[in-house]
Amino acid sequence: MTTDAAVDAVVLDVDGVVVDVADSYRRAIVESVEARHGRTIRKGDIQEFKDAGGFNNDWDLASAAALYVLATEEGYRDSIDDYTDRISGAGGGLEAAESVVRESLGARAFRRIEGRWDRAALRDVFQQLYLGQELYRGLEGGEPDPDLAGRGFIHDEPVILEPETLEALASYDVGVLTGRPAAEAEIALDRAGLSVPEDRRFTMDDWEEGKPHPRALLALAERFGADRTVFVGDTLDDVRTAVNATEADSGRTYEGIGVLTGGLAGEAGREAFESAGAAAVLASVNDLPEFLEGY
C-alpha cells in the first residue's frame, strides 16, 4: 500500500478507459460480420449488446451479431433493441442469444442457422482485421488473407490516459482488469506508457469467468492488501463487477467508476452507470486523480 488516501488501489479496464477502441475492436465486430455474412449491424448497435451484459469478449459479441443477421434471414423479426433486451432478460451473453433465437424460430430453423454460423471462422476474420498481417502472423501463427488483413485496426487506438494522469496514479497501487488477450493488452499498455506487473493484471488468458464475475477484482484487492479498491471501466459490466465484489467480500470496499469515453455517453450514459451501481461517473479516466483527492 503506497498512499495514505482513503483509496488504496486503482484497477483500470483497458478498452474505452486507457485507449479508445471505437475504430478498432468495435469496427472489427461490424466488418467481420459483414465479411462472413454479407450483412452486418451498425456500430451504434454494439452498445446495445454491451448493455445487455455478458459481452466482455468481443468475439462473443461478433458471434451474437452474426447470429442476429442469420436469424433475420430465417424470419426473425425483433429489432436489435428487442433482441438485446431479450438477451439481457435471459442472463446476458452468447448462450442467452442462442436461447433467444432458438426459442423464437424453433429447432429446425436454428439447425439451419447453425450450419452457417461458424464462430471459429468469424473469430479468425476478426483477428485478421484487428491485428493486421504482421501481428496476425506473430500472435495467431497463421497466414493472413491479403484481402482481409491490412495494416490492422489495432493501430487506430488513440490513447486516452494522459501522462499527467499516469503520473498522479503512481501514488496508488495500480492494476489492470481487461477482457483483452494478454498479448493485445500488452500492446495497449505499452502504447499508453502504463507499466503494470503481470501479477497485477487479469486478462482473458487469466480469467475464464469474465466480467461481471468478481473473482479477478477480488484477487487483485487481495494481492494489494487493499481496504478500498476502485475499478474504472466504460461498460455496465465493469460497474457490476465491483458491485458483485462487494457482495462477495464484506471485509473490503469495492467501488465501480464509470467513464464516458466508451459507448456510454451523455446524461443517458451517466444515468445507466448510476442505475448499475456506479459510485461515480467521470468524463474520462483523466478526471480520476482529482476525484480520488476528494476521498
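This is a predicted model: local features need pLDDT of at least 70, side-chain atom pairs count only at pLDDT 80 or more; totals for chains, interfaces and linings use all residues.

**Reading helices and strands**

Reply: Helices α7 and α9 pack at an angle of about 100 degrees, and their axes are 13 Å apart. That angle makes α7 roughly perpendicular to α9. In general, two packed helices are described by the angle between their axes and the distance between the axes.

Me: Which residues of α7 and α9 meet?

Reply: From α7, the residues are Q127, Y130, L131, L135 and L139, and they meet A183, E184 and I187 of α9. Sorted by class, this contact of α7 with α9 comprises six nonpolar residues, one polar and one charged.

Me: What follows α9?

Reply: The residue after α9 is G193, with a positive phi near 75 degrees.

Me: Let us turn to strands. Which way do the residues of β1 point?

Reply: In a regular strand the side chains alternate between the two faces of the sheet. In β1 (residues 9-12), A9 and V11 point one way while V10 and L12 point the other way, and all are buried.

Me: How many bridges join β1 to β2, and how many join β1 to β4?

Reply: Four bridges join β1 to β2, with the two strands running parallel; L12 has V176 of β2 as its bridge partner. Four bridges also join β1 to β4, again in parallel, and here V11 is partnered by F231 of β4.

Me: What is the strand order of the sheet, and which strands stand at the edges?

Reply: The sheet is open and has six strands in the order β3-β2-β1-β4-β5-β6, with parallel pairing. At the edges stand β3 and β6 (280-282), each with a single partner strand, so one side of each has no neighbour in the sheet. For β6, three bridges join it to β5 (residues 253-259), and G258 has V281 as its bridge partner in β6.

Me: Which strands does helix α12 lie across?

Reply: Helix α12 (residues 266-276) lies across β4, β5 and β6, and runs at about 150 degrees to β6. Helix α11 (residues 236-248) lies across β4 (228-233) and β5, at about 170 degrees to β5.

Methods. Residues are numbered from 1 along each chain as its sequence is written. Side-chain values use heavy atoms; hydrogens and water are left out. Two strands pair if DSSP finds at least two bridges between them. Contact means heavy atoms within 4.5 Å. Axes are lines fitted to C-alpha atoms, for helices over the stretch in contact, and angles run from 0 to 180 degrees between N-to-C directions. Angles under 35 degrees count as roughly parallel, over 145 as roughly antiparallel, 65 to 115 as roughly perpendicular and the rest as oblique. Ala, Val, Leu, Ile, Met, Phe, Trp, Tyr, Cys and Pro count as nonpolar, Asp, Glu, Lys and Arg as charged, and the others, Gly among them, as polar. Buried means under 20% relative accessible area, exposed over 50%, partly exposed in between (1.4 Å probe, protein chains only).
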